[in-house]
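Please walk through the packing of this protein with the sequence and the model side by side.

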Amino acid sequence: MRIVYRLTFFVGLVLALWQTARGDSVVQSYHITFKVIAQNVPAGAKVFIVGNDEKLGEWDPGAVALEKQEDGSWAGTYSFPSGSRLEYKITRGSWESEAVGADGTVPGNFVLNIQSNETVNIVVANWRDVLHKDSVRKIEGQITGEVKYHRQMQGEGIRPRDVIVWLPPSYEKNPERRYPVLYVQDGQNAFDPATSFAGVDWGIDETADRLIREGKLQEILVVGIYNTVDRGREYSDTPQGHAYMQFMVEKLKPFIDKEYRTLPDRENTAVMGSSAGGLISFLLIWNYPQVFSQAACLSPAFVYRDINAPALVENYTGANKGIRIYIDDGGVGLDAQLQPGCDAMLRALQANGFTMGKNLEWYRDPEAEHNERAWSKRVWRPLLFMYGK
């Protein structure tokens, strides 16, 4: 065993020296142990960690279970490259059973910058579903206006999902009128704080209603498409991502155009999303310019791990697609990490003939974080870009 160990060490050392001689950087990895001390864990339940890394489930709340320890805590150890920034939460397998404060407050994401081997202790005071079955969950706001629900819509190759449709103020009063349509990713976060990620929604309903009544925005119909536990794969350039885009184009849009009084042409059809939802919104308009004429990408994950959306633009040599794109980003936390991807996309689009202030718009809020509260504060910008009067 000593000989094998020494040989392995020697080979590893030679490889590292060879990489250094070539100018390659050797990225150090560190072991992080997450230890959760949790109250009120129901008998037979498990505790999970969920976060923005593949080893943390890519925000799938039921993917990465921690192991129960003899002292009653729950723990798991994982390795991450030095310099990584982790954002994570604790659940019991679903967002309905995520960890909350003693008073029911839904906490923000825990954040850890990887710099050394470390044990992170996390104390969970309570769970959303245990603490009066969500009755004390802190939410901000309500749904403004009228919405319709379409439950468990099914697409080929993807999970079923709910769809929520917000109707503009004059929809019921003017039965002869037809309306432009905006399709929004992560629809559970669009209008309703009770279904949103952290009790705060985008407030698209309030913002659109106000801008319409002020005479600044066309009356539009907004379709919110809920995500699923496969969000990461569905909102990317993967087989599931392409299946999701086909669902939107071939099933959802025809359904909406039949069920509601829409203006179905491409000039009156747009798409919007944030983070990975911003990426899939770009992929939709880039791949289906005959369906969508405008897209808004808030805090988009254009370049992230193996994702490189700007390359699609850089390598494109076809005809002008006749589309308009809005992009924005914040300057704090994950948004700061995503900034280089936004910069690369803006360069690629402008090199491909897009003109700032005409068919391209860019906005950056250096104080903004990567969350629904931040997006709600600036959602008026993409709305006016796409459908302003």
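Cys-342 counts as buried, with a relative accessibility of 0%, in what is a predicted model. Cys-297 is likewise buried, its relative accessible area being 0%. A search of the whole structure finds zero disulfides, and for Cys-297 the nearest cysteine sulfur, that of Cys-342, is 8.8 Å away. Because a disulfide requires two cysteine sulfur atoms within 2.5 Å, this separation of 8.8 Å leaves Cys-297 in no disulfide, and Cys-342, whose nearest cysteine sulfur is that of Cys-297, is in no disulfide either.

In soluble globular proteins, nonpolar side chains tend to be buried together. Here the largest nonpolar core has 49 residues, of which Tyr-183, Val-223, Met-248, Leu-252, Phe-282 and Phe-292 touch the most other members. At least two residues of this core come from each of several elements, among them strand E11 (161–167), strand E12 (181–184), strand E13 (221–225), helix H4 (239–259) and helix H5 (276–287). Val-223 shows how such a residue is surrounded: leaving aside residues up to four places away in sequence, Val-223 touches Val-163, Ile-164 and Val-165, then Val-181, Leu-182, Tyr-183 and Val-184, and also Leu-252 and Ile-256. Apart from this core lies another, of 27 residues, which includes Val-147, Trp-202, Ile-220 and Leu-298.

Phe-34 is buried at a relative accessible area of 0%, and Tyr-78 is buried at 15%. The rings of Trp-202 and Trp-375 have their centres 5.8 Å apart and their planes at 45°, so this pair too is tilted. Trp-202 lies in the loop between E12 and helix H2 (204–213) whereas Trp-375 lies in helix H8 (residues 372–378), so their pairing ties together parts that are 173 residues apart in sequence. Both tryptophans, Trp-202 and Trp-375, are buried. Phe-34 and Tyr-78 also belong, with Tyr-88 and Phe-110, to one aromatic cluster.

Aromatic rings also meet charged groups. The charged end of Arg-92 sits over the ring of Trp-127, 5.4 Å from its centre, and that of Arg-161 sits over the ring of Phe-247, 5.8 Å from its centre.

In helix H9 (residues 380–387), the buried residues are Pro-382, Leu-383, Phe-385, Met-386 and Tyr-387. They cover an arc of only 165° around the axis, which means that they lie on the same side of H9.

Asn-40, although not a glycine, has a positive phi of about 60°; Asn-40 lies in the loop between E1 and strand E2 (48–51) and is partly exposed, with a relative accessible area of 43%. Ser-299, which is not a glycine either, has a positive phi of about 45° and is found in the loop between E15 and strand E16 (303–304), where Ser-299 is buried with a relative accessible area of 0%.

Terms used: Residues are numbered from 1 along each chain as its sequence is written. This is a predicted model: local features need pLDDT of at least 70, side-chain atom pairs count only at pLDDT 80 or more; totals for chains, interfaces and linings use all residues. Side-chain values use heavy atoms; hydrogens and water are left out. A nonpolar core is a set of buried Ala, Val, Leu, Ile, Met, Phe, Trp, Tyr and Cys residues joined through side-chain atoms within 4.5 Å. Buried means under 20% relative accessible area, exposed over 50%, partly exposed in between (1.4 Å probe, protein chains only). Helices (H or I, at least four residues) and strands (E, at least two) are DSSP runs, numbered from the N terminus. Contact means heavy atoms within 4.5 Å. Rings of Phe, Tyr and Trp (its six-membered ring) pair if their centres lie within 6.5 Å; planes under 30 degrees apart count as stacked, over 60 as edge-to-face and the rest as tilted. A charge sits over a ring if NZ of Lys or CZ of Arg is within 6 Å of the ring centre and within 35 degrees of the ring normal. The arc is that of the directions from the helix axis to the C-beta atoms.
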